[in-house]
Amino acid sequence: IQDDRPLLIAVARLVADPDHEAADYGILVADAFQHRSLGRLLTQKCIDIGCRWGLKQITGETTTDNLAMIRIFRELGFQVEFRHEHQAVLARLDLRS
């Protein structure tokens, strides 16, 4: 709460395909609130929801310079693929194992 008004500091989304087999996930954390484990917490929450939904896979994407997010992907078991020509990092988590 700031100035007696709620303050949005982060958002996460998990969008499943029509067959509910895979989902794209994304998070956004306000600059002033980064490096406080919110990204990891929201990512884990999306994984937990994906497991409850019975998804087989979750995918995400970030930029090659977002080292904190790349570290979170790796620590939580995502396969990470660098696409340097697009300055992008694709991450995929298999939930079937």
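This is a predicted model: local features need pLDDT of at least 70, side-chain atom pairs count only at pLDDT 80 or more; totals for chains, interfaces and linings use all residues.
Setting aside neighbours within four places in sequence, Thr43 is in contact with Tyr25, Ile27, Met69, Ile72, Leu76 and Phe78, where contact means heavy atoms within 4.5 Å. Thr43 sits in helix H1 (residues 38–53), and at 1% relative accessibility Thr43 counts as buried. Here buried stands for under 20% relative accessible area, exposed for over 50% and partly exposed for anything in between, with a 1.4 Å probe and protein chains only.

Residues are numbered from 1 along each chain as its sequence is written, and side-chain values use heavy atoms, leaving out hydrogens and water.

The protein contains two helices and five strands, arranged along the sequence as β-β-α-β-α-β-β. Helices (H or I, at least four residues) and strands (E, at least two) are DSSP runs, numbered from the N terminus. Of the 97 residues, 28% count as buried. Among contacts with a separation of 6 or more, 55% come from residues 24 or more positions apart. Along the principal axes, the C-alpha atoms fill a box of roughly 45 × 35 × 20 Å.

Next come the strands, which pair if DSSP finds at least two bridges between them. Strand S3 (residues 57–63) and strand S5 (residues 88–94) run antiparallel and are joined by seven bridges; in this pairing, Thr63 stands opposite Ala88 in S5. Strand S4 (residues 79–83) also runs antiparallel to S5, through five bridges, and Val80 stands opposite Ala91. S4 and S5 form a hairpin with four residues between them, and Gln87 in the turn has a positive phi of about 50°.

Which residues touch the most other members of the largest nonpolar core? They are Leu14, Tyr25, Ile47, Ile58 and Phe78, in a core of 15 residues. Strand S2 (22–29), H1, helix H2 (67–75) and S5 each supply at least two residues of this core, and H2 gives the most, with three. Such a core is a set of buried Ala, Val, Leu, Ile, Met, Phe, Trp, Tyr and Cys residues joined through side-chain atoms within 4.5 Å.
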